[in-house]
Amino acid sequence: MPIEQSPLASVRLIFSALVTMSCVAAPMFAQDAAAPPVPIPVHDSFTVVSKALGEPRRINVYTPASYKNGQTRFPVLYMPDGGLDEDFPHIVRTVDSLVQAHAIRPVIVVGIPNTVRRRDLTGPTRVKSDSAIAPVVGGSAQFRAFVKDELFAEIQKRYRTTSERSIVGESLAGLFIVETFLRQPDMFTHYVALDPSTWWNAGALIDSAPNLIKAFNTTPRTLYLAISDIKEMGEGVIRLDKLLRASPPKGLSWSFRERLDLVHSTIFSALEGPALASSLR
């Protein structure tokens, strides 16, 4: 998926990558180039014409092997960045491996491919450099309305589902997940946000968190947060963890992983398995 971070962090990451590239021997480049792509899993695809977004949205759905047997209902894992050329194949492979290892229960995976990613996954901002990252930003409320009011109903109609819903994402998708957790916590049962871009709008989302957390009900839910070595990515998540520790909401179980051995471009592949295992066991 695309890497989304503050302008300063972007400079640091590019500089680090250039230094690393200059020190890597040629055989390693050849090995990386030869790495096979993740196979596209057998899946369903359909289109939802969204009133909230004013556009058609393609949806990819993977059902577990046990779905065909009997009338069992399954929990659902939703993922932004869910295109076939994004993280959908990778997440499905991880989910299958975890199910086979009895680390998680079988789940239906729903991937939401991007059309205008930086519009859908960000809230409004007063910061000029934020607005400069794309022609249109600040559409997270509309995207959330699409998921909640249109996509949920379509998935329930087409598949045998339970009321248990999870969501996983990284970077700007992680920002959307944290925003949803704070603003509409009842949308999902389990939230997984890896290196969320909480620097957006100068950290205003986390500034608003104390009052939002006070409004939580006691419905059981879980939250998995993790950050890499990029300071600008982690500051808001550290603040959120401290807020939750200071006043733990009843019904919420959460975990926070500070993985300074990882970088922004590797945290998703490194922690998606443990994060899903922790949430969906």
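This is a predicted model: local features need pLDDT of at least 70, side-chain atom pairs count only at pLDDT 80 or more; totals for chains, interfaces and linings use all residues.
Side chains of opposite charge can pair when their charged atoms come close. In this model the count comes to 15 salt bridges. One of them joins Glu55 and Arg119, with the closest N and O atoms 2.9 Å apart. Glu55 belongs to strand 2 (residues 55-62) and Arg119 to helix 4, so the pair ties together parts that are 64 residues apart in sequence. Both Glu55 and Arg119 are buried; for Arg119 the relative accessible area is 16%, under the 20% limit for that class. The pair is part of a network of salt bridges that links Glu55, Arg57, Arg119 and Asp120.

Beyond its neighbours within four places in sequence, Arg119 is in contact with Glu55, Arg57, Val136, Val137, Gly138, Gly139 and Ser140.

Arg245 is exposed at 55% relative accessibility, whereas Asp241 is buried at 6%.

Helix 10 (residues 231-246) also packs with helix 8 (residues 200-207), at an angle of about 10 degrees and with the axes 10 Å apart. Angles under 35 degrees count as roughly parallel, and the two helices are therefore roughly parallel to each other. Gly203, Ile206 and Asp207 of helix 8 meet Gly236, Arg239, Leu240 and Leu243 of helix 10. These contact residues divide into 3 nonpolar, 2 polar and 2 charged.

Conventions: Residues are numbered from 1 along each chain as its sequence is written. Side-chain values use heavy atoms; hydrogens and water are left out. Buried means under 20% relative accessible area, exposed over 50%, partly exposed in between (1.4 Å probe, protein chains only). Contact means heavy atoms within 4.5 Å. Axes are lines fitted to C-alpha atoms, for helices over the stretch in contact, and angles run from 0 to 180 degrees between N-to-C directions. Helices (H or I, at least four residues) and strands (E, at least two) are DSSP runs, numbered from the N terminus. Angles under 35 degrees count as roughly parallel, over 145 as roughly antiparallel, 65 to 115 as roughly perpendicular and the rest as oblique. Ala, Val, Leu, Ile, Met, Phe, Trp, Tyr, Cys and Pro count as nonpolar, Asp, Glu, Lys and Arg as charged, and the others, Gly among them, as polar. A salt bridge is a side-chain nitrogen of Lys or Arg within 4 Å of a carboxyl oxygen of Asp or Glu.
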